[in-house]
Amino acid sequence: ILTPGSPQNKAFNWLVNEDKTEVCPEDLNTGGGDSWNECNAPTNFSDPLSIDEANNACNIIGDGPDPFKVPIVQSTDAWLSPSHECYWGGLACSVDTFCIDRIEFETDGLSGSLPFELRNLTELRYLIVEEGDTAGPIPPEYGDLLELIILDLNFNRLTGPIPESIYGLPTLFQLDLNDNALTGTISTSIGNLQYLQFVQLEVNQLTGTIPESMGNIQYLQVLELFGNQLSGTMPVGLCQNRDMANGFISDLTVDCDSSDNPR
């Protein structure tokens, strides 16, 4: 759809720039948004009381801690309500640009797959869609989200490998993908994520070894890898970075075979 001249791009341009027909919110498919636990769209978009009722039933707010203290604007209006999208529940926008800064949903019954088009939210810093029924792969296009600091998709039904592009996110400090059905290996490129502090990849179907490069992640504090099919030994650099060795890592959890002697 983003390739100039493609049939999809021509259709997109026609819908956005040429077609004069206007549709009402109730004509749109909200991707399961009518069955969320909270923040469902109003049942009657022409009735102010229906809109107020939907807004009052929405309490999701993106309030994760922000180490950079970026000013944001947010509220708890229902999705597809007449207010600006920045005020819909689970979203937040930068005060300066009014671009989407956060998407935060937890235990809200979200299903379907992760849309690759999120790559266009170039100022997105928080992508938190956890404890739902989201399935399918993690789009490699998320590697274009260069401002992302938290990627939290745990307790879903995600499959496939962790895209290599994710290991190129320059300011990522939380990678939380546990309790899915992810496969493949942990790339050695994970050592490039020098700001990583929190990594949870447990309870997946990952194979291979724990990359030696993880020992180079200076500020790593939590690393959970149990419940996979990993083999080999713990990298020396990780052991040396444990808090008992005057390092930062306070939680380091993996599986051991019965014949292993943890050290």
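**View 1. Strands β2 and β3 of the predicted model pair in the antiparallel sense.** Three bridges join β2 (residues 91-94) to β3; two strands count as paired if DSSP finds at least two bridges between them. Helices (H or I, at least four residues) and strands (E, at least two) are DSSP runs, numbered from the N terminus. Ala92 stands opposite Arg102 in β3. The hairpin of β2 and β3 has five residues between the strands, and Phe98 takes a positive phi near 60 degrees there.

Residues are numbered from 1 along each chain as its sequence is written. Because this is a predicted model, local features need pLDDT of at least 70, side-chain atom pairs count only at pLDDT 80 or more, and totals for chains, interfaces and linings use all residues, while side-chain values use heavy atoms, leaving out hydrogens and water.

**View 2. Strand β3 also pairs with β5, in the parallel sense.** Five bridges link β3 to β5 (residues 126-130), and Glu106 stands opposite Glu130 in β5. Of the seven residues of β3 (100-106), six are buried (under 20% relative accessible area; exposed means over 50%, partly exposed in between; 1.4 Å probe, protein chains only).

**View 3. Four strands form an open sheet with parallel pairing.** Their order is β4-β6-β8-β10. The edge strands β4 (111-113) and β10 (181-182) each pair on one side only. β4 is joined to β6 (residues 133-136) by three bridges, and Gly112 stands opposite Thr134 in β6.

**View 4. Helix α2 (residues 48-56) has buried residues and exposed ones.** Ser50, Ile51, Ala54 and Asn55 are buried. The face turned away from the buried side of α2 carries the exposed Pro48, Leu49, Glu53 and Asn56.
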